Amino acid sequence: MPTNFTVVPVEDSPLSEQGNDEQILNEEDREGSDPAAELFSGEDTSRETSSLISTDHDGSIYGQNMALYEEEMDSTPMVASLLNKLANYSNITQGVIEHEAESEDGIKRVTVNGPQMGTFIGVYLPCMQNILGVILFLRLTWIVGTAGIMQTLAIVFMCCSCTMLTAISMSAIATNGVVPAGGSYYMISRALGPEFGGAVGLCFYLGTTFAGSMYVLGTIEIFLTYIMGNIDVFKAMDNNMRLYGTCCLVIMTLVVFVGVRYVNKLSLVFLSCVVLSILAIYAGVIQATIKTNDFHICFLGNRTLQHYNFSKCEKAELGNIFCQNVTCDEYFVNNNVTKIPVTHSMLSGIISENMWGHYGPEGMTLEKDGLSSVQGSPNTNDMSRRYVLRDITTYFTMLVGIFFPSVTGIMAGSNRSGALRDPQRSIPTGTILAIATTSFIYISCVLLFGACIEGVALRDKFGKSVNERTLVVGTLAWPSPWVIVIGSFFSCCGAALQSLTGAPRILQAIACDGIIPFLQVFGHSKSNGEPTWALLLTAVICEIGILIGSLDAVAPILSMFFLMCYLFVNLACAVQTLLRTPNWRPRFKFYHWSLSFLGMSLSLSLMFVSSWYYALVVIVFAGCIYKYIEYRGAEKEWGDGIRGLSLNAARYALIKLEEAPPHTKNWRPQVLVFLKLDSEFEVKHPRLLSFTSQLKAGRGLTIVCSVLEGTYMARGTDAKRSEQSIKTAMAKEKTKGFCHAVVTSNLRDGFSQLIQSAGLGGMKHNAVLLAWPTNWKQSESSLSRRNFIETISETTAAQQALLVAKNIDHFPTNQDRLAEGTIDVWWIVHDGGLLMLLPFLLRQHKVWRKCRMRIFTVAQMDDNSIQMKKDLQMFLYHLRIDAKVEVVEMHAGDISAFTYEKTLVMEQRSQLLKQMQLSKTEREREAQLIHDRNTKSHATLNDKATPTSDRVHMTWTKEKLISERNRHRDANMAVRDIFNMKPEWENLNQANVRRMHTAVKLNEVVVNKSQGAHLVLLNMPGPPKSKGGEENYMEFLEVLTEGLDRVLLVRGGGREVITIYS
């Protein structure tokens, strides 16, 4: 909710010499406008933008005494400046201030008076006004008569205990720092995070809105039933409630729209009506002890009669009702008429009759115990016209739901936190005192109603049995029942206006936080801060409650929303207390996590006791809002307790994981992904991230890393840009995990550090995924080849699995859906079962779901291929993996000429690269020598022309000339041999020949069987142990995978990753 505040300069302060116009701030968003909140809440860590930090320092004051810190004064405030502005910080509630004054210089500025309200005016009286109201006057007598004194006391005790425990938790939260305008929503959202805060905030908003519906219905019920009883438009009472309730809602909405100041001015009048009505009840109890009043009930037998059908309680008078055409009702003939007063003295003993409940079904007549009755044939057609009947079926849990709204309103004080002189002192004191006072009023009223009012009259919800048709509680009032009627009418009007005033501001606060995107339109307001759009939505939702047409049906709905809100207030306090976060330092000390837990349990119990189906609906609604905010809402970091709980849970889990290595059954690839970035810090191969998400389906650990060359001091900004680019790419490819960019002196060290230290505790990677270096054959990229091979070696040494994706840009994206095809696994050597596990994991993703799995294995001459196939099929059966098995026989044959030629080209190419490659150091040394000799030549030969830039004069010795000619002759011979392709087989390394033979033969078989496969998985041969064979190793892998589109080279980590056991 937007907040107005003024920073007031303090006299005689060197920091206050700037113009006051710069320090008077207009309306801003709460998150961005509260400077104290910015500085201490952790929501904005940019100290340079804080308005509490003054960067204009007088050198005469600070330069002499604080010279040691003079370089930091531009970004950090002096303590005196900070305390000066904190002392004058204020956060007046938005909507209260509407007057704008224009200064002499023509600039409009908001006139804000400092907060002046104390505990009594600011917290105690608003809570009293919101707690006491419609249920006390319209339903409490009916609840006492239906449930009995004992059960009603139990209901009151449960509900008041729930609100008292919630108030204790709320007091602890409210005194744990400054609570800006927004009150209860602000406390919940900042304590439990945006997801819980948004869900519970909407519940609180809907509860307040439906409370407005209930108060409007109460207003209309009093108006139609007890004030103007002859203006019914429809026969059905519910339709009249809907019609007049809608008209009343329109009028109240217009009043709120015109200006909230009218509601605030009338609030004291409405509260006075409530207080006078309660005092009239207590005075009536005293008066009933002295003498009885004129209110009475008329019974026929033991049945209660509707009193407005006759003027005197006499049988002769009733004959006009029960007798038609000389024929009288049989029950009327057989029973006598009895007249009983409504109110009694407290010592009359009527309390014993009202001690226990009198529940019954809908349509049942109200009967007086102890009166004789002779049953006759009932005339059901005239029952509703003659007798007082139960309008609904009554039972204990329903009464709990109807009564609970009478104890809500405990957050009225916290909603006014911005207007309080000392919120941290006023909110706990005023709220707890208000709850204690109202609890005493409810308990005393239950006892007094049960001791002084006839039980049948108590069970008569609308007072139809009482002569002069008035509120049942009004029969006990002194000096007149109209005190209660008028007082309750204005009380309901005031409560409805307060709800229509408060609910839009709660919605506006949620919208301004930006945590629910589709509600952002309701964050707009008029120039005076009134939330117009939020008010319109509130009126529409309130109209839905009015169309229900029954106060008894609306009450349980708002009970659910308020109970959900109270539940999470207690949860917030319990979580913060148990976590013992450093910032949890409430000034209110009379709290404990067990009390919060008890309040939370009581709130949840009351939800299901009142209405289990409404409770489920509200819980599902809050859960949907939570998931929506989690999925689409804006990311907020408020230092909430749920985040602290997650950190504690993560720490506990990491410590438990560290105790023992994971079992084979729990093994899944925890992948460390190496990404390359271009010069603009964009990801070169985003398909690598797509493949990662397809492989893991959002489960397990994923760490995406990139390495930059240089020093962190010089490239720290580049590292942050790289991380942001990686995060963007991960979000686009829907890859869940962590990202990190490191800066090291060279790429090799960065890869080594990440392989050794990425992850934390038991959450460390067990597999490395990288793309095949496509440019390794270029002479200037020998470093890329060396880094790749050393990464393979270090991964093997670390006993981690290695996955190398070749032609990664041909891999499918997450939006692709591959048609029916195969994933071919070439199982050459045993790698712990990783080759069989990876296709199974891939097929869980929708991209690869239609693909079938085929496993090929190679049989030698001495192997029994038929038995191998049977054994492999049995092995896969025990592994519960569905795959087609095929055994490929590779017969030992002569090495072909093609293999020799391939090997010869490979070795000659390696030799040529070694001869032709001039190191960077040698090139720089030669260039420096040329530069020095040219400089000397210019100094001695001034009369000669300057040599052109493309000609270099060097002094050649005889030995240097001979060596240079021999070097060029050798290079030319090597080039001629390459093009002549002369098969000098007798000079080849036989080990290379054998390896090339294996690569060629295996490639022929793989291409023959799997050229059309969607993906081919191959065992990756081990890297060379000597650096001399790096180029040959890469060539072997190129030959092995030649002619295949998508290839995943896999190297196991040295442990079993799949098991046949359960």
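These are my notebook entries on a predicted protein model.

**Ground rules**

I number residues from 1 along each chain as its sequence is written. The model is predicted, so local features need pLDDT of at least 70, side-chain atom pairs count only at pLDDT 80 or more, totals for chains, interfaces and linings use all residues, and side-chain values use heavy atoms, with hydrogens and water left out.

**Confidence**

I looked up pLDDT, the predictor's confidence in each residue, from 0 to 100. The protein chain averages 78, and 75% of the residues score at least 70. Residues 1-63 stay under 50. I noted 133 contacts beyond four places in sequence for that stretch; a contact means heavy atoms within 4.5 Å. Residues 88-114 also stay under 50, and the model has 74 such contacts for them.

**The ten-stranded sheet**

I took helices (H or I, at least four residues) and strands (E, at least two) as DSSP runs, numbered from the N terminus. Two strands pair if DSSP finds at least two bridges between them. Ten strands make an open sheet in the order S10-S9-S8-S11-S12-S17-S16-S13-S14-S15, with mixed pairing.

I then zoomed in on one pair. Strands S13 (residues 822-827) and S16 (residues 1015-1019) run parallel, joined by four bridges. Asp-824 has Val-1016 in S16 as its bridge partner.

Next came the helices. H30 (residues 865-879) packs on the sheet and touches S13, S14 (852-859) and S15. The direction of H30 makes about 150° with that of S15. H25 (residues 687-696) lies across several strands, including S8 (671-674) and S11 (767-771), and runs at about 145° to S11.

**The three-stranded sheet**

Here the order is S4-S3-S7, open, with antiparallel pairing. The edge strands S4 (303-304) and S7 (337-341) each pair on one side only. Two bridges join S3 (residues 296-300) to S4. Phe-299 has Thr-304 in S4 as its bridge partner.

**A salt bridge**

I used this rule: a side-chain nitrogen of Lys or Arg within 4 Å of a carboxyl oxygen of Asp or Glu. The count comes to 13 salt bridges. In one of them, Asp-552 meets Arg-139 at 2.7 Å, N to O. What parts of the chain does the pair link? Asp-552 is in helix H21 (residues 551-579), and Arg-139 is in the loop between H6 (134-138) and H7 (140-174), 413 residues apart.

Most residues other than glycine have a negative phi, and most peptide bonds are trans. Asn-807 has a positive phi of about 60° although it is not a glycine. I found Asn-807 in the loop between S12 and S13. The peptide bond from Trp-478 to Pro-479 is cis, with omega near 10°. Pro-479 has its place in the loop between H18 (455-459) and H19 (481-513).

Terms used
Axes are lines fitted to C-alpha atoms, for helices over the stretch in contact, and angles run from 0 to 180 degrees between N-to-C directions.
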